[in-house]
Amino acid sequence: MKSVILGLFVLLAWNSGLQAQTSFYQGKSIKLVVGSPAGSNYDQYGRLIAPYLSKHIAGKPEVIVQNMGGAGSVIAANHVYRVAAPDGLTLVSILPAIYFDQLVGRQEVQFDYAKFSWIGSTDRSNNLLIMRADTRYKTIQDVRAASQPPKCAATGTGSIAYYMPKLLEETLGTKFDVVAGYPGGPDMDLAVERGEAQCRAFTISAFLSRREPYLSWRKNNFVRVLIQTGSKRDPRLPDVPTLYELMDEYKTPESSRRLAKLILASGDLGRPIMAPPGVLPDRVKILRQAFMKALADPELLAQAEKQNMEIEPTSGEDLEALAKEVVTQPPDIIERMKKLLGK
């Protein structure tokens with residue numbers, strides 16, 4: 001009898017929780033702000049997950065994607081942190097490395113990275129740097145020895161496109177002319193195609209996807225990959241040296257290696273999705289559970305496979321812990337980062 005009563009109690013509690021979820025989200029919509037322009041890789045991931053996030057939240061609220069590009073996602077992060085109500089109805093997808101801007105004290109930052117309500121990340125990816133194949137820069141050594149540095153297109157300082165060339169300068173002694181201010185990935189791709197820039201850094205998963213222009217770039221040997229950031233070579237890029245291999249070759253000091261570790265933590269943060277600070281814990285839990293269920297949904301996985309989009313989810317709990325770790329740094333590392341970012 002006791003077991004029956006206990007079972008009924010659990011069932012009633014579960015039904016009560018489900019009804020509470022449904023009653024809140026029923027008839028509502030969730031806005032997913034993507035801090036990158038339409039057509040960018042981050043935009044594609046946002047639009048991939050939106051309908052499945054809706055599917056796995058009781059009440060099935062519509063999830064609407066809104067692009068708010070600019071300043072390497074800082075504009076979107078500021079908006080959601082300061083303006084959006086902490087009611088569980090606004091999410092934001094950002095470039096992961098905007099914690100750089102907070103660490104170095106940039107005035108435009110109006111958020112505390114660790115205080116967002118972390119929901120999850122769709123993917124983790126190491127980075128690479130590509131160079132137009134028709135330039136004289138065939139290897140990293142060519143960049144080190146060049147009298148005129150190649151131009152790399154970038155958005156804001158928290159984007160891979162900006163901080164990776166700067167990190168290579170710090171760790172390997174290269175020189176790049178980083179041209180910041182491009183709104184997003186498609187604009188940087190056009191800059192490379194037009195010859196405004198010769199190089200650009202971004203994720204391995206994006207470069208190896210079946211989307212354009214990267215499909216044509218690879219097919220026509222329009223670019224070459226000079227370096228990748230994983231601890232081991234990606235099996236799809238077996239001939240491309242890693243940053244760690246080159247740091248060993250060029251005898252990079254330990255202090256610069258520590259800085260590299262902090263900066264490359266952005267790869268583990270992946271493609272994070274967050275809510276404003278102060279969202280009620282039960283709603284954060286709902287969103288986190290729905291996020292992980294969405295990324296395990298066979299329909300989403302089939303669609304991602306069809307579009308050659310990699311899925312490697314990270315939980316909101318893990319992201320929250322990592323976010324707290326990266327913004328807690330000793331003064332000497334922050335000073336090194338300021339120097340790297342030209343602050």
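The lining of the largest pocket in this predicted model divides into nine nonpolar, nine polar and 11 charged residues. The pocket has a volume of about 600 Å³. Its lining comprises 29 residues. Tyr244, Lys261, Leu264, Ala265 and Asp268 lie nearest the centre of the pocket. Three helices, H11 (254-264), H12 (266-269) and H15 (316-326), each supply at least two lining residues. H11 gives the most, with four residues.

The structure holds three cavities of 30 Å³ or more. The largest cavity has a volume of about 300 Å³. It is lined by 29 residues, and those closest to its centre are Tyr42, Leu95, Gly185, Met188 and Arg200. Two or more lining residues come from each of H2, helix H6 (160-172), helix H7 (185-194) and strand E8 (199-203). The largest share belongs to E8, which contributes four residues. By class, the lining of the largest cavity has 14 nonpolar, 12 polar and three charged residues. For the largest pocket, the charged residues number 11.

The second largest cavity holds about 80 Å³ of space. Its lining consists of 13 residues. Nearest its centre lie Tyr42, Ser125, Ile160, Thr203 and Gly270. H6 and H12 are the elements that give two or more residues to this lining. Four of the lining residues are nonpolar, six are polar and three are charged.

The crossing is right-handed. On the H2 side, the contact is made by Ile49, Tyr52 and Leu53. On the H13 side, Leu287, Ala290, Phe291, Ala294 and Leu295 take part. The contact has eight nonpolar residues, with no polar and no charged ones.

Two individual residues were then considered. Tyr214 is placed in helix H9 (residues 214-219). Its relative accessibility is 1%, so Tyr214 counts as buried. Leaving aside neighbours within four places in sequence, Tyr214 is in contact with Asp189, Arg200, Phe202, Ala206, Phe207 and Ser209. Tyr214 and Tyr42 are 172 residues apart along the chain, and their C-alpha atoms are separated by 15 Å.

Ser73 lies in the loop between strand E2 (62-67) and helix H3 (74-82). Ser73 counts as buried because its relative accessibility is 0%, against a cut-off of under 20%. Beyond its neighbours within four places in sequence, Ser73 is in contact with Gly35, Ser36, Ile94, Leu95 and Ile98.

Methods:
Residues are numbered from 1 along each chain as its sequence is written. This is a predicted model: local features need pLDDT of at least 70, side-chain atom pairs count only at pLDDT 80 or more; totals for chains, interfaces and linings use all residues. Side-chain values use heavy atoms; hydrogens and water are left out. On a 1 Å grid over the protein atoms alone, a cavity is a set of points where a 1.4 Å probe fits but cannot get out, and a pocket is an open set with protein on both sides within 12 Å along at least five of seven lines; lining residues have an atom within 4 Å of a point. Grid points are joined across faces, edges and corners, and a volume is the space filled by probe spheres set on the points. Ala, Val, Leu, Ile, Met, Phe, Trp, Tyr, Cys and Pro count as nonpolar, Asp, Glu, Lys and Arg as charged, and the others, Gly among them, as polar. Buried means under 20% relative accessible area, exposed over 50%, partly exposed in between (1.4 Å probe, protein chains only). Contact means heavy atoms within 4.5 Å. A crossing is left-handed if the near helix is turned anticlockwise from the far one by less than a right angle, and right-handed if clockwise.
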